[in-house]
Structures are given as C-alpha cells and as structure tokens.
Amino acid sequence: MTIATIATAPIDGQKPGTSGLRKKCRVFMGEHYLENFVQAMFDGIGGVAGKTLVVGGDGRYHNDVATQTILAMAAANGAARCIVGQNALLSTPAASNLIRTMKTDGGVILSASHNPGGIDEDFGIKFNMPNGGPAPESVTDAIFERTKTLEAYHIWQGDPVDLSTLGVSTLGEMQVNIIDPVEAYVDLMKSLFDFPAIAEMIKGGLRIRFDAMCAITGPYATRILEDTLGAPAGTVVHGTPLPDFGGMHPDPNPTWAHELMDEMMGADAPGFGCASDGDGDRNMIVGPNCYVSPSDSLAVIAANAHLAPGYSDGLKGVARSMPTSAAVDRVAEALGIDCYETPTGWKFFGNLMDDGRVSLCGEESFGTGSDHVREKDGVWAVLMWLNIMAATGKSVPELMGDHWARFGRNYYSRHDFEAIATDKADALMAELRGKLAGLSGRVEGPLTVAHADDYAYLDPVDGSTSAQQGVRVVFEGGARFVVRLSGTGTSGATLRLYLETLETGKLDLEPQAALRNVITAAHAIIGIEAHTGRTAPDVIT
Ligand code: VG1
Ligand code: CO
C-alpha cells in the first residue's frame, strides 16, 4: 500500500472542448490514458496538495472505475479530502452545488452529458472551479499544455474505496466522504421554489411525466416529485441510472425523447411533460400538444421568475448564448434589465454570475439555469416551470400563448448535420469565413443580407477574448442564421445551423414553415450540399 510514480509518455489529442474532455469510452480505458489526463488536470490547476475536491459522475459505463482511479490519484497527489456521491453518482448541477456550499477547491465531474453511454459509446471528464463552474479556457489550456509534457503520474496503490456505504473513510492520508448525492440538492430546490404551492397543484390533479432517460436525474426527480411533492409513483419514468442508459440516447429533445413526445402529443396527454439529459443539466419542457423551444422557455422564465420565492426580488440581468434566439432579449428590454450575449458553452456565464450581473442564463441546446449553481440545471428548470404554473394557474399552452401575444414570437430551429468528415466541415467553415466580407447586400429570395461576421466575445468581467465562436448572417428585418461546428462530438464533425425569424402577427405557424426562407438562404450561402453532400439535417430541434 504505497504511492507509486508511474512513468508514462504524453498522449496526443487530450484537448478539452466545450465541456471538458470527451472521447470514446475505450479511449479512456486505454493504458495510462485517464491517468495521464487526471495528472495533467491536477498539475494544470496548480496541484491538489492539501485541497478538497468533489468527485462524481452521471453513472455511465466506467464511471465507478474511473472514480476509483481519480481518488487513488488525488490521494497520491496529496489531496486532503474528497467528497464523493454514493456509488460515484452526482448530477452536474448537484456537483456544482456541493463544490460551492462545502467551500471546496473544485471538483471532477465524470460525464459525456447528452452523448450515449456504454463501453462502445462516450465518456468524459471535466474540472470545475471553486465557484462550481466549468474551468475557463485559461485553465483548460494549461491542462492541455501539461498533457504534452507529462512524463509520470502518481497513484495510490491499495484497496479501492467502498463507494456504496455512506460515511467517512481514508485512502492513505486522504479523507473520503461518501455522501447522499440527492439530499443537499433537494434542500437547495426547497429554498428556491414554492413547494407547498406545487404540491397543492399536483393534489388538484396536475399529471406530470418526467422522463429521466435512464440517466442521473432519476433519483433526483423521484425524491422531489414523488417523495416530496406527492406526485404518484410512476410519474418519473426511466428513473434508474444505467451504465448504458438502457440504450437510450439521453438527450432531451423531440428526436431522442420521442416516447415522451408521443405521450405529450397524444389524446390522453399529462398536463406537464419534461425530460433531462445524461448528467442532469439539460431540460426539455412540453405541454399537452405544446412543445416549448428552449429559447422560448428561457424567455418565459425570465418574464415570470419573480413568481418563485428564490427570485422574488426580480432578476439582476439575463444572459444567453449567441445562437440562442432573441426572445429573452425582448423580455429583458420590457423588464429594464441587462441582457448579455456569450459564446456557446456554460463556462462563459460564470463570470457574469460571479460578478452579480446576471441571475438567469440559457442556451438553445436545452440548457437553462440561474446563479443558484454555476451549471445549467435540468430539474431546476422543471421546478421553475411548475412554480410558474402553480402561481399563475395557467397551463403550458396558455403561458406560451400569453407570452407570444405580449412579446411576439421568435420562430426558431436548429438543424444538425452529424458525422461529417472533419476535413469537409473545416473546408466549409473556411470558405464561409472567407466570403463574409462580401455578403452584405446579397439577395436570397425575399431576404437581403444586412451584415455577416464571425462572432468574437470580449468578456466584460475579466477582459479575456474568444474568437471564431460562430458565423452569423443577419438579414434586413432581423431574421438570421448562425453556423458553427460542435465542440462536444466524438466522431467526425457536427455542423450546427441555427435559424431564427421574428413574427409579431402570425403566432401559430409551424416553425419549419415560418423559417423556410431563412433555411433556403442559409443553404444557398453556405453550400452545405456542395461541401458535404447533405441536403437534410439528421436532427431538428
Ligand atoms: C453543445 C451545445 C452547447 C452546450 C454543450 C454542453 O455544445 O450546443 O450549447 O453548452 O453542448 O452541453 P456543442 O459544442 O456540441 O454545440 V452538455 O449538456 O454537455 O453539458
Ligand atoms: Co449535460
């Protein structure tokens, strides 16, 4: 039972992307691979000697084994203490909460989020800072640089930790606390939302369906909706986290949460439907026959958050990622609060929240959250919607109808073209960037390009910059499209095309129909077919 220092060689390609390092599970299982990255991570954050870390993940295949490796390496690198969710489980927002409230030095979260799990699917790891949020680029760059020079790693060699039993034990000199992964999170939710009012609404007959997609939110949603708020057993479906997510693709959108969608669009639909992703930070909200786009969900929450006790003083400000629709901008304007635009990825919101500039953030990719943690939060969004429904007495379709009547409707859709050869995707982006300057004035059907650029962000808090965050083409009148390549995929490239147009008159169009001219113009300008051979997207949200 000793600390071993194991010689290793740098491994290529360990560059963390939008949300940490994501690779095929078998890559992580390769000799020294995880160990190399974890050592680079510890070194990149300035060492872990004397530090306290939170460790946990979404329960996907390899989660438990990887947790043991991380604990053994934390012990060998001199960490004072690790706080670990029982059975190595922690949703991403729950981990963020523990990192913050237990005043730790950060945490290691194991997840590939909404990507499928299993030995032949995806695995991932990321470091979160003491504020509970994902590491900024300066830190992930330092980690990446370290992976290139690493020659050895340190690991405690001894019996593994019993992850299933709550309590305190030791690994070498390091203390290990196994805690209930759900409890502190439930307390946090109780402090923000009107649980008695929601319970009353459920007692009054509101039927809820929560699809946990065999991923991490099952235990959280069951404890909150069924055990605490009194919803009947069976409200939460696919509620047990499984290593392969039961074969489901745990991405809460109409394509992958099709069972929920079928039920919600059916004759006997419950009054409220919702789903969350692999690691519990995403959400989808659906009413009976009424799909709520994530951009609209953010806007509705912005307009109504003051109805929840935790937000009764109003919002400090709001922020959305650049490709997210401007629906929330219109609400912010009406409320007289600031609205920030940031690049894709939750890490950009952290500085704004820490600086007290915003309390609500959201992305078009089914991510919504607030400054209660520093991650997006799926169960939080569900409870926020339920709180708004309880406070207003209105259904999801009524809330949407009222919202559009007041603010107009930003018709919105995202088209994903998946598994494109990386060189083709890069060539497409390079050609598009090359012609941006000449696009102004170009006419495509009824649309005329007003301006086009490659989005660059200047962080107003720390002055850091991030370039090449997505090409945007804006038409006269305000319709627009945005194109960028995904930073979270593990095979080939995924091209994301984001489409938006504002309507103040016609509020009940089918979104794809409302966006037809923008879609046609986008294809003509980008040349998606010429570059990739693709004419239609793989996933539409
Ligand atoms: C996607 C989404 C982005 C989100 C990221 C992480 O990134 O578009 O909005 O922040 O996933 O979400 P990309 O680079 O593939 O477009 V999750 O639920 O990993 O934490
Ligand atoms: Co996620």
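Which residues are buried in helix 7 (residues 195–203)? They are Phe195, Ile198, Met201 and Ile202. Buried means under 20% relative accessible area, exposed over 50%, and partly exposed in between, with a 1.4 Å probe and protein chains only. Helices are DSSP runs of H or I with at least four residues, strands are runs of E with at least two, and both are numbered from the N terminus.

This is a predicted model, in which local features need pLDDT of at least 70, side-chain atom pairs count only at pLDDT 80 or more, and totals for chains, interfaces and linings use all residues. Residues are numbered from 1 along each chain as its sequence is written, and side-chain values use heavy atoms, leaving out hydrogens and water.

**Helix 7**

Seen down the axis, the buried residues of helix 7 fall within an arc of 125°, so they line one face of the helix. That arc is taken from the directions from the helix axis to the C-beta atoms. Pro196, Glu200 and Lys203 are exposed on the other side of helix 7. A contact means heavy atoms within 4.5 Å. The buried residues of helix 7 pack against these elements:

| Element | Residues |
|---|---|
| Helix 6 | 183–192 |
| Strand 10 | 208–211 |
| Helix 8 | 217–228 |
| Helix 13 | 378–392 |

**Helix 12**

Helix 12 covers residues 347–354. Six of its eight residues are buried, so helix 12 is largely enclosed by the rest of the structure. The buried ones are Lys347, Phe348, Phe349, Gly350, Leu352 and Met353.

**Valine 237**

Valine 237 sits in strand 11 (residues 236–237). Its relative accessible area is 25%, which makes valine 237 partly exposed. Leaving aside residues up to four places away in sequence, valine 237 touches Arg209, Phe210, Asp211, Ala212 and Met213. Tyrosine 455 lies 218 residues from valine 237 along the chain, and their C-alpha atoms are separated by 40 Å.

**The whole protein**

The protein has 18 helices and 27 strands. Its C-alpha atoms fill a box of roughly 70 × 60 × 40 Å along the principal axes. Of the 541 residues, 57% are buried. Among contacts with a separation of 6 or more, 72% join residues 24 or more positions apart.

Definitions and conventions. Chains are lettered from A and ligands numbered from 1 in the order in which they are written.
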